[in-house]
There are 2 protein chains.
Amino acid sequence: MNKKTNPLHHMLNPDSVAFVGANNQPTTMGTVQMLQTLNFGYKGRVYPVHPKEKSVLGIRAYSSVRDIPNPVDLAVITVPARAVPDIFRDCGAKGIHYAVVTSGGFREVGEQGRKLEMQIVELAHRYGIRFIGPNCLGILNPHHRLNLTMFSYKQPPGNMGLASQSGTYVTQVLKYLEKRGVGYSRALSIGNKADIDLVDCLEYLGEDDRTRAIALYIEGLKRPRLFLETARKVSRTKPLVALYVGGTEAGSRSSASHTGAVCAPAKLYSDMFRQAGIIEARTIEDLYQWTWALANQPIPHSNRIAVLTHSGGPATSIADACNKNGLQVPRFSTKTLDAIKPLVPPTASIENPVDLTFSTEPPLMTKILPPIILEDPNIDALIIHGLMVTSWMSDIKEAAGDLIGDIPIEQIGQMVKGPIKELSGLTRKYDKPIICSSFVDSDIEVIVRTLHQFRIPAYDGPEKAVTAMSAMVRYSDIREGSSNQT
Amino acid sequence: MNKKTNPLHHMLNPDSVAFVGANNQPTTMGTVQMLQTLNFGYKGRVYPVHPKEKSVLGIRAYSSVRDIPNPVDLAVITVPARAVPDIFRDCGAKGIHYAVVTSGGFREVGEQGRKLEMQIVELAHRYGIRFIGPNCLGILNPHHRLNLTMFSYKQPPGNMGLASQSGTYVTQVLKYLEKRGVGYSRALSIGNKADIDLVDCLEYLGEDDRTRAIALYIEGLKRPRLFLETARKVSRTKPLVALYVGGTEAGSRSSASHTGAVCAPAKLYSDMFRQAGIIEARTIEDLYQWTWALANQPIPHSNRIAVLTHSGGPATSIADACNKNGLQVPRFSTKTLDAIKPLVPPTASIENPVDLTFSTEPPLMTKILPPIILEDPNIDALIIHGLMVTSWMSDIKEAAGDLIGDIPIEQIGQMVKGPIKELSGLTRKYDKPIICSSFVDSDIEVIVRTLHQFRIPAYDGPEKAVTAMSAMVRYSDIREGSSNQT
């Protein structure tokens, strides 16, 4: 299927959207969805639909989609479940071919809901409507300034595609992802997947130019065989990371009441993921962070990792975690050692890991040592821990009060941009990835914000940099394995 | 050893401190240590020692500790390694019995450093000096307003004791821990442990009334047999969590250059931890978070967990992770189900997990449902995911601009305090722990800040609540096992 003919292309790039269920109450779901769309600067036309209100959020409202005088590309439906069939009939009559159904109360609530869901599927077939949901939390396409969720998206458009059976994992995490520098290319909350399912998402995201890696949250599959085939194809050229939840008794029970999914044991899924070339995440944090690293850094050619830090604990944690996660931390070549030695303090360790110990020369870690290390032919990738300038300077400034002279924090902050940009350039020059970790979050540390800006992942734990790197090495193996097969 | 006679008691509660190595340069280590001490509101006397300066940071300086006219309880030594022996002689002459040696350049840098370290050990014996370090990053006792590190401590004094062979894991993480609501009772960066070692720390923290759970970061042990014996004793009454790093080839090599530790395979340590009743953490994040939960929440009587959320994805993730981590998610009793049913929206699932689906009634999750759930005799503990009010309201307010009326965010924020206080009271009333997770960080969400204030852990990932709960259940087993033996 060509990407332009995939229904998701149309859903994610509409010229006009009708919001069925928005009103003027700022705490109802449909209203907040419409608010977020307006707030995001969506360029298309917006039509609120409300049985009584003459205007909704300052925009002229219509009592039915049938009354909208212009064509409508997409209907966003957020009304009680029992009202959805009539809305589908209205959409059919109006000639609306795409819908996002956020209403809940279908298959996930039992027999009556299941019947209602079958009814809307039947109506969709009758009227030629493709829809996502029901029981979903909307979709996002930052490149089209489309945000049909209840939370604001403030990141620059990114290159991580996400399809999720949990709406929370698409929407409630937006602030979380923002702080961690993670941006969506497209994100899809697919809910009960009564029509559009994970296979459709995978096909679309696989062909989508804006998407460089794909994250999947799965509670159960409708078409496992086709999913496997599609994933196997996509994973040859694009990294896929998946979190499957539902393989245990409690997970399966919870999943049934969440999206009505029928679950299989975790091992079945793990085996299928392996066959499909999908990297399996263990937690939702891994799912985002690994996919983000895969979407933004070069894939390492092999598993030989260099570690650069000024902290012995993290150096040891990273080295140890590397070995535990199938990565090597080889000694540097003599040439590399000779180049590093005169540049570092006498207390430093320069065998890989490089531990500068106490050092107040941030350029060493961002500018001077990384090219020397990446030049080493025995090194495939670099992990840097502990970059930090403004957060610590602010801390000292506050502690010092009038006791010492002024510390020009803003100026210091501005000085980091150049080196981080160069660092980012090195990853392309050497075609080797860099992943960072630091205990200071982006809201207090300009280096971390700048790393995010240049799409170098920076995690809040040293071991997280290692597991993300390990996922990248795994993808390197997957890609090589599939190219050997063909 | 009685806690008053443990040298750490004296180091952590000095009436006067000499800073040997502080000057007026705000970026040198000794100066920042002194700044942080002053800034923390330390009540004792402070004596800078500097060969030339007449005053340091506005306080009269002495050219040697010998010249200080009053008694000195503790010397903080931050001078080049080769100068440390003379400082020890001066301390000996002055009658200073305790020192914190942050200077690096000893055993961790090779043969010459090893000799220097032996020399200061010998001098310490000769003069009756007990010291921590060298190559450490200082110690903290918030209850005495003592902070001998380079980073500020802003949390209220806590009840997690930490002893670490990595100074970074004591000091550079202070902002990280602050944001996560974690407070120290005492924290010890022990460096090369040339004198005070982990056994001393364990003895001290084991007897310390302010410490309710102990976190240990270990790269290698000096006295493994005594450590095991001591840990076995302490773990009967106080939870111990340890992270051992150094069991792999790369970890061991890194560790040798970090603290000069000699490492053993990970499996040996895991076995010893099990024998000693120590819970083994896998990452530094686990080490803090598990210990914090153990220090602040009641220990569960068994492994039957209730899950309460408004998000199906996290509900399923938590339920699945529970089963994978040895926890049960049992169905509620009929009485509990009957009590919950009339209170929740029709789309909610009420079999454990309770998933309220979209709900704008925060009191349901904080106030109304928790006592009903904790009352159930089949439930030992509760995990709540997704508490969030002000961050989302601010988000909507910003998106809405003038389109809707004002949202009184501050007022809404104030309303959460009462219910969270009650929630905290429930853990005591029922003697059952509550652990939360939420994707909004404390800096943007008042509920998360309030949870921290009442010492209910709130993590940024649903699976993290589960692994912490699992650690608590493990401690319940450890305690029971050891009481059966005695």
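Guide: By the rule for ring pairs, the count comes to 22 aromatic pairs over all chains. The rule takes rings of Phe, Tyr and Trp (its six-membered ring) as a pair if their centres lie within 6.5 Å; planes under 30 degrees apart count as stacked, over 60 as edge-to-face and the rest as tilted.

Visitor: Why is the pair of A:F439 and B:Y169 called edge-to-face?

Guide: The ring centres of A:F439 and B:Y169 are 6.1 Å apart and their planes stand at 80°, so the pair is edge-to-face. This pair crosses between chains: A:F439 is in the loop between β18 (434–437) and α18 (446–453) of chain A, and B:Y169 is in helix α5 (residues 168–171) of chain B. Helices (H or I, at least four residues) and strands (E, at least two) are DSSP runs, numbered from the N terminus. Both A:F439 and B:Y169 are buried, where buried means under 20% relative accessible area, exposed over 50%, and partly exposed in between (1.4 Å probe, protein chains only).

Guide: The model is a predicted one: local features need pLDDT of at least 70, side-chain atom pairs count only at pLDDT 80 or more, and totals for chains, interfaces and linings use all residues. Side-chain values use heavy atoms, with hydrogens and water left out, while residues are numbered from 1 along each chain as its sequence is written and chains are lettered from A.

Visitor: What makes B:F40 and B:Y153 an aromatic pair?

Guide: Their centres are 5.7 Å apart, with 70° between the planes, and the pair is edge-to-face. B:F40 lies in the loop between α2 (29–39) and β2 (45–49) of chain B, and B:Y153 in the loop between β9 (146–147) and β10 (160–164) of chain B; the two are 113 residues apart. B:F40 and B:Y153 are both buried.

Visitor: Why is the charged end of B:R145 said to sit over the ring of B:F40?

Guide: A charge sits over a ring if NZ of Lys or CZ of Arg is within 6 Å of the ring centre and within 35 degrees of the ring normal. The charged end of B:R145 sits over the ring of B:F40 at 4.3 Å from its centre. Likewise, B:R180 lies over the face of B:Y176, 3.8 Å from the ring centre.
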